[in-house]
Structures are given as structure tokens and as C-alpha cells.
Amino acid sequence: MSSIPIKILLVEDDELFRLGLRVRLQQEPGLEIVAEAEDGETAIELVKQHLLDVVLLDIGLPGIGGIEACRQIKQQNPLLPILVFTSHSQKPLITRLIEAGAQGYCLKGIAAEKLVLALRSVAAGASWWDATATQEIRSSLSYELSQPESDNITKLANPLTGREQEILSLLAAGKTNQEIAHTLCIATGTVRVHIHAILQKLEVSDRTQAVLVALQKHLIKSQ
């Protein structure tokens, strides 16, 4: 494991819950809470002041709220991963989070070990969507593709090579670059080159959007 810790901004308005979360995460080797915020406005300012690897963001924040905070953070720092950690599970929320640029979503109450794994995965460049979110994403895509206007989408030529489709499928399954490299018996650097090409071809800025666009256009099959 790398000796360089994953630097985390913790954004949570419940002071006691935030304290407990900080204490638990600080027990994990390789994780460091470098800043905390209790509202979206403060979080946006802290992102400007610290070098961060991931933002752990609650949605039910006072002020501008978590979704708008997520959107503004991604606007000022598109490459900074955001993992949403919330008690809300309404289906429309998932789509709004994806549109805002979140890389992952976990419901409060999950095992601490799973949250740590989600943080490490998102910081490594993978997306992390729990079972509820994944089901909603696929349900939404199935509905969209059942509409008449989807006929024109499916007729578009697939711009991706076979290898790029393989890598996108593995990204859709939540695999990291290292896991993809191991699965396909190629170098991690080669995976990064392919992902860069995929983002360019699909005209998106991150791998989560790439997966969604590819599924919508039938460029890959849902898992």
C-alpha cells in the first residue's frame, strides 16, 4: 500500500455523526481527514485551500445543499472525486447526483469496511454505486431506450474499438485501473491510455459519464 495517505474532505452537518465518522476513518491506515465542513459553502472554499484526493459529501446540508455543492466543486475541480454519503435514497436523487458529477453513492448505515473500500475505490479513479443506485441507473436507462427517440441513438456507429468496449464494460462493473489491467493482462498505463481515448471519443469528462453514455447508446451491454 502507498505510504502517501488519501486526503479527504469530510462534509457533514451533524456534528456528532461527523465526529464519529472522523474517528473511525482516521483509524484506517492510508486515510487522512485534512478538513471538515458542515455546509456546502464552506466545503467549496475548503476545496480551494487544500490538496485533496476525495470529498466525502452528505447531501442533506444547510445553505445551498449537497447537490449544488457537488456541482460547484466539480466545476472548479473536475478531477476531484466526490463520494456521496447520505441517508436519502429517493430514486430521482441518483440521476441528479450523476448530473452533478458525483463518482459514487453510499447509504448511511453501511458497514465501515465497505465505506472505506468505497473511498479507496473512488480515490483510485473508479466509480462506486451501491445496489440501490445501480438498479436505478439501469432502470432509467431501460426506460430511455424504450422510447421512440432511442431508435436514432442505436443506429449510430460504435466509435469504440473492441478493447475500449472491454475496458468500458469493466469500468461499468466498478473495476479500478489495476483490476482492469490484471483482468485483460495489460499494463496499467495502457488502461489509462485507453480510458483517455474513450473519454475523448464519447466527449465526456469522467468515466462515470462515459459508462452512462455508452449504455445509453448501446455501445456496451449493461452488467
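Tutor: The largest cavity is lined by Ala126, Ser127, Leu171, Gly174, Lys175, Arg207, Thr208 and Val211. Please bear in mind that this is a predicted model.

Student: How is such empty space found?

Tutor: Rolling a probe the size of a water molecule over the atoms shows where empty space is left. In a cavity the probe fits but cannot get out, whereas a pocket is open. In this structure there is one cavity of 30 Å³ or more, and the space in the largest cavity comes to about 30 Å³.

Student: Which helix gives the largest share of the lining of the largest cavity?

Tutor: Helix H11, residues 207-216, provides that share, with three residues. Sorted by class, the cavity lining comprises three nonpolar, three polar and two charged residues.

Student: How much space lies in the largest pocket?

Tutor: The largest pocket holds about 420 Å³. Its lining consists of 20 residues, and those nearest the pocket centre are Leu79, Pro81, Ala124, Gly125 and Arg207.

Student: Which helices each supply at least two residues of the lining of the largest pocket?

Tutor: These are helix H5, spanning 112-123, and helix H10, spanning 188-202. H10 gives the most, contributing four residues.

Student: What classes of residue make up the lining of the largest pocket?

Tutor: Ten residues of the pocket lining are nonpolar, five are polar and five are charged.

Methods:
Residues are numbered from 1 along each chain as its sequence is written. This is a predicted model: local features need pLDDT of at least 70, side-chain atom pairs count only at pLDDT 80 or more; totals for chains, interfaces and linings use all residues. Side-chain values use heavy atoms; hydrogens and water are left out. On a 1 Å grid over the protein atoms alone, a cavity is a set of points where a 1.4 Å probe fits but cannot get out, and a pocket is an open set with protein on both sides within 12 Å along at least five of seven lines; lining residues have an atom within 4 Å of a point. Grid points are joined across faces, edges and corners, and a volume is the space filled by probe spheres set on the points. Ala, Val, Leu, Ile, Met, Phe, Trp, Tyr, Cys and Pro count as nonpolar, Asp, Glu, Lys and Arg as charged, and the others, Gly among them, as polar.
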